[in-house]
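Please view the sequence and the structure below before reading on.

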Amino acid sequence: MAETSTEGTGTIEALSLVPKAEARQSMKDFKSDQEVRWCPGCGDYAILAAVQGFMPELGLAKENIVFVSGIGCSSRFPYYMNTYGMHSIHGRAPAIATGLAASRRDLSVWVVTGDGDALSIGGNHLIHALRRNVNLKILLFNNRIYGLTKGQYSPTSEVGKITKSTPMGSLDAPFNPVSLALGAEASFVARTVDSDRKHLTDVLRQAAAHPGTALIEIYQNCNIFNDGAFEALKDRQQAEEAVIRLEHGQPIRFGGGGTARSSEAESGGLSKGVVRDPVTGDLKVVAVTPDNEAQVLVHDAHAASPTTAFALSRLADPDTLHHTPIGVLRSVDRPVYDTQMSDQLDAAIEQNGKGDLGALLAGGDTWTVVG
Amino acid sequence: MTSQVSSPAEQADGTVVGEQRKAAGAKDVRRLDRVIIRFAGDSGDGMQLTGDRFTSETASFGNDLSTLPNFPAEIRAPAGTLPGVSSFQLHFADHDILTPGDAPNVLVAMNPAALKANVGDLPRGAEIIVNTDEFTKRAMQKVGYAASPLEDGSLDGYSLHPVPLTTLTVEALKDFDLSRKEAERSKNMFALGLLSWMYHRPTEGTEKFLKTKFAKKPDIAAANIAAFRAGWNFGETTEDFAVSYEVAPAATAFPIGTYRNISGNLALSYGLVAASRQADLPLFLGSYPITPASDILHELSKHKNFGVRTFQAEDEIAGIGAALGAAFGGSLAVTTTSGPGVALKSETIGLAVSLELPLLVIDIQRGGPSTGLPTKTEQADLLQAMYGRNGEAPVPVVAPRTPADCFDAALEAARIALTYRTPVMLLSDGYLANGSEPWRIPEVDELPDLRVQFTQGPNHTLEDGTEVFWPYKRDPQTLARPWAIPGTPGLEHRIGGIEKQDGSGNISYDPANHDFMVRTRQAKIDGIDVPELEVDDPHGARTLVLGWGSTYGPITAAVRRLRTAGESIAQAHLRHLNPFPANLGTVLARYDKVVIPEMNLGQLATLIRAKYLVDAHSYNQVNGMPFKAEQLATALKEAIDG
């Protein structure tokens with residue numbers, strides 16, 4: 001597993017305006033008194049626990065934290081967090097959260113959404129939140145199925161999916177949420193898995209520290225309607241071929257067991273790597289040999305261009321999930337919408353003085369009736 | 001100031017009355033009590049600008065006035081065609097007037113299309129000023145004139161002034177380093193100068209305006225000012241214009257105060273800024289551009305130094321969504337749109353009903369259904385505002401009656417939203433939005449106090465003695481729930497669109513609780529404190545005319561005509577459409593007949609009939625234009641006699 005890229009204590013720039021907690025917090029402080037009502041065995045439980053467990057590390061006053069969700073199983077999330085929260089309507093959480101974050105820079109605003117909520121009915125709001133770079137952290141629970149409506153295919157379901165609404169198989173090609181987010185000018189894009197609490201927490205930590213919109217795709221198991229959808233990434237044996245763990249500054253290597261902590265090819269630990277095809281410029285997976293080891297791509301999450309991050313996102317096979325990169329694909333600094341909006345207000349006051357209502361109403365051509 | 005009022009009422013026949021006087025050695029000057037001018041040309045001819053400038057001159061002179069801009073939805077419709085005609089009508093007077101007028105006394109027609117599209121509205125004897133340069137064979141054929149209407153005798157009943165406006169403008173600008181095309185563009189300013197001479201309008205304002213507008217292009221500013229002056233001088237010297245007219249200021253029509261001319265959308269924007277200040281809450285506007293509401297977004301975007309945040313969203317839904325998010329955070333939140341946008345926002349309005357957060361939804365109505373007539377007026381969104389949501393989702397509805405009244409209506413909508421923690425619909429329309437009239441500028445300390453108290457601590461004690469915050473524990477008087485904003489320690493709570501338990505606000509599927517919550521939300525809206533309906537009934541009439549929204553001007557003008565003619569009719573006008581004023585039922589019961597004129601197929605009439613079991617008669621017009629006073633007077637007369 002990766003080292004943490006951000007210290008949990010101290011001031012995180014993205015959250016510098018959010019008041020700090022006065023006392024040390026524990027996971028318990030973030031649990032609401034509401035009974036959690038997801039299906040037993042749902043991946044959402046693990047994500048909830050990870051988020052509740054991570055929050056004390058931020059050390060923010062919990063009254064300044066807000067969770068906003070849309071509709072779907074995952075969108076019940078805010079009810080279980082002892083923070084401020086809003087369970088809104090289908091697909092609109094990014095828009096609602098944008099208004100809240102843009103008008104209240106002293107808040108840490110989190111959006112919880114699902115693959116249907118974020119990518120189907122709410123696709124428009126998601127891409128626009130990403131391009132604006134509002135200070136939002138978006139947790140996209142992707143289970144590749146509609147759970148709350150009892151099992152129709154979703155915009156991330158693999159082609160040919162047999163569901164209640166597609167008895168002969170689904171026809172539409174799925175979205176790759178990471179590719180989509182990169183195309184929408186996202187400044188921070190990551191992917192993680194519900195069952196890997198350590199990885200999930202590390203990604204949350206990096207997202208929280210990011211100024212602007214962070215999109216975290218979390219592969220989440222729906223044990224009722226799409227059980228085992230991510231088994232290829234979870235089963236130790238299969239994961240060797242399937243999972244590419246990305247770490248900024250490290251060669252992109254995987255396969256043959258173990259973690260991609262360092263270059264250990266000689267010891268036989270990591271047999272595969274990602275290299276750039278000199279002909280097409282695209283990325284490809286190769287068996288690492290002493291001859292080609294130097295060509296293995298070093299992951300640069302901070303690259304100005306999203307091109308390589310996009311190419312990485314395309315390595316995954318949507319059917320088998322082989323070569324699925326997880327970790328932070330992209331994290332770059334870009335002007336933050338709410339900061340700039342606030343700056344414009346300050347600039348307007350500097351240029352024109354603080355607004356004077358009497359002067360505004362009386363502006364323009366006037367005449368006086370004296371009787 | 002003194003006034004020269006010759007007749008306090010709007011004339012029923014649309015003719016001008018007055019006296020004639022002649023200064024020694026000068027042209028005749030005739031005194032009029034009111035004039036209706038219509039400027040008409042291609043949509044690229046600058047007719048709206050010309051009308052705006054003439055209006056500003058007229059306002060600063062102190063006349064009462066009312067305007068009616070009328071333009072196609074296309075930005076540059078095909079040149080010289082009937083659908084491409086853009087016009088601006090201005091009614092100004094030395095007394096109190098209510099409408100832009102039924103029939104113009106003067107038409108300025110910049111091309112054959114403008115003449116053809118408008119001549120039918122003119123009474124015989126009206127003055128027509130045409131730009132003869134544009135009356136080419138081809139241009140006339142384009143609009144179906146086989147022979148020149150300037151020569152075939154068809155305009156014999158009018159006072160025709162053929163003026164080569166383009167040629168004169170180009171000639172006046174020959175010393176400027178401009179192409180012919182550039183010089184021609186100033187012909188609207190030549191026309192404005194001519195009309196300004198004809199009606200003794202002050203000119204300083206227009207010259208100042210041109211200097212400011214073209215501050216970065218001083219040559220263009222100078223050319224436009226030269227064309228404007230040339231037009232004035234042309235009137236002064238040419239023999240074709242033998243008479244000029246004076247319309248004295250309307251001093252006695254107005255209470256003492258300082259006035260300015262204002263359009264409905266500007267007044268509404270100012271009302272929102274004022275509401276934000278009076279509530280001591282930052283203003284947040286979430287909006288998506290749509291005609292005829294966009295000007296509010298433009299205007300509010302200029303006032304960032306008032307702490308106003310404007311968010312141009314990706315769509316209508318995001319516009320209201322962002323506003324609702326800001327409302328949760330403690331802003332005075334607003335979304336502005338027109339009917340198609342309201343349709344898209346419906347689900348979020350329902351969420352706001354459920355969340356019980358203050359939110360202003362401003363609908364500048366236009367012709368519908370669907371895209372309908374984007375630049376024309378209509379008031380056919382009333383039932384949509386009342387009922388256009390799933391479930392029982394009552395929303396208060398407020399409507400301004402005149403352009404200037406949009407200011408007060410915005411403050412009133414904000415009062416209701418903030419006091420009762422509810423979304424409020426404000427129904428303006430295209431006529432109010434773009435039309436203008438004089439407005440007595442209010443003193444800031446006259447404005448209502450709209451301050452609210454955010455909840456700061458627990459409001460409920462559990463059986464075990466624990467102090468907690470219950471987000472749905474209501475104020476017993478208003479039934480409003482507490483507004484506790486993020487950042488308030490100890491009041492962390494979750495709200496959402498799923499039904500909530502009364503008091504605690506936890507998710508509840510309990511049937512009895514749902515029944516209670518539905519009835520309580522309705523009771524909250526029904527119990528909103530709104531002023532009683534005032535009835536204007538000086539003679540104890542048997543017929544009542546009831547209106548709402550922008551029909552106020554035409555209805556009142558029609559009522560004046562009828563009363564001047566000796567008829568007895570009562571008038572009442574609703575600002576509050578939901579809830580209705582408490583005395584409305586009693587008022588309706590006092591009259592044998594109730595007539596409801598609307599620019600729809602009878603939406604208020606439907607509500608009135610359903611709620612009060614009154615046999616209200618509908619009088620309807622849905623042609624994209626406001627009612628004409630004379631037409632309404634005739635219809636009301638028939639109702640009185642019928």
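## A parallel pair in chain B

Start with two strands of chain B. Strand 25 (residues 593–598) of chain B pairs with strand 26 (residues 617–620) of chain B in the parallel sense, over four bridges. At one of these places, Pro597(B) has Tyr619(B) in strand 26 of chain B as its bridge partner. Between the two strands the chain passes through helix 19 (residues 603–612) of chain B, and this β-α-β crossover is right-handed. This is a predicted model.

## The sheet around that pair

Both strands belong to an open sheet of five strands in chain B, in the order 21-23-22-25-26, with mixed pairing. Strand 21 (535–536) and strand 26 of chain B are at the edges, each with a single partner strand, so one side of each has no neighbour in the sheet.

Further along the order, strand 22 of chain B and strand 23 of chain B pair in the parallel sense over five bridges. Here Leu546(B) stands opposite Ala572(B) of strand 23 of chain B. As background, strands of a sheet pair through backbone hydrogen bonds, either parallel or antiparallel.

## Helix 17 of chain B

Helix 17 (residues 552–564) of chain B has 13 residues. At 1.5 Å a residue they should span 18 Å, and the end C-alpha atoms are 18 Å apart, which agrees. Just after this helix, Gly566(B) takes a positive phi of about 95°.

Is helix 17 of chain B mostly covered or mostly uncovered? It is mostly covered, with eleven of its 13 residues buried. Among them are Tyr552(B), Gly553(B), Pro554(B), Val559(B) and Leu562(B). The cover over these buried residues includes strand 4 (64–70), strand 22 (543–548), strand 23 (570–574), strand 25 and helix 20 (629–641) of chain B.

Arg561(B) also sits in helix 17 of chain B. It counts as buried because it has 22 C-beta neighbours inside 10 Å. Arg561(B) and Arg389(B) are 172 residues apart in sequence, and their C-alpha atoms are 41 Å apart in space.

## Helix 14 of chain B

Helix 14 (residues 405–420) of chain B has 16 residues. From first C-alpha to last it reaches 22 Å, close to the 22 Å expected at 1.5 Å a residue. Of its 16 residues, 15 are buried, so helix 14 of chain B is largely enclosed by the rest of the structure. Arg421(B) follows this helix, and its phi is positive, near 50°.

## Chain B as a whole

Chain B holds 20 helices and 26 strands. Its radius of gyration is 27 Å, close to the 26 Å that the globule rule gives for 642 residues, so chain B is as compact as a globular protein of that length. Along its principal axes, the C-alpha trace of chain B spans about 95 × 60 × 50 Å.

How much of chain B is buried? Buried residues make up 56% of its 642 residues. Consider next the contacts in chain B with a separation of 6 or more: residues 24 or more positions apart account for 75% of them.

## Where the chains meet

The contact between the chains takes 53 residues from chain A and 60 residues from chain B. On the side of chain A that touches chain B, the elements supplying at least two residues each include strand 2 (84–87), helix 4 (123–132) and helix 10 (337–352) of chain A. Which element of chain A gives the most to this side? Helix 2 of chain A does, with eight residues.

## A buried residue in chain A

Asp115(A) lies in helix 3 (residues 115–121) of chain A. It is buried, with 26 other C-beta atoms within 10 Å. Beyond four places in sequence, Asp115(A) touches several residues, including Leu140(A), Asn142(A), Arg144(A) and Pro155(A). Asp115(A) and Glu217(A) are 102 residues apart in sequence, yet 9.1 Å apart in space, C-alpha to C-alpha.

## Confidence in chain A

The mean pLDDT of chain A is 93, and 93% of its residues reach 70 or more. Over residues 1–9 of chain A, pLDDT stays under 50, and the model has 16 contacts beyond four places in sequence for them. Over residues 257–268 of chain A, pLDDT also stays under 50, with 19 such contacts. Where pLDDT is low, the predicted coordinates should not be read in detail.

Note on methods. Residues numbered from 1 in each chain as written. Chains lettered and ligands numbered in written order. Predicted model: local features only at pLDDT ≥ 70, side-chain atom pairs only at ≥ 80, totals over all residues. Pairing = 2+ DSSP bridges. Right-handed = clockwise from strand over helix to strand, strands pointing away. Expected span 1.5 Å × (residues − 1). Buried ≥ 20, exposed ≤ 12 C-beta atoms within 10 Å, placed from the backbone. Contact = placed C-beta atoms within 7 Å. Rg over C-alpha atoms; globule rule 2.2 N^0.38 Å. pLDDT = per-residue confidence, 0-100.
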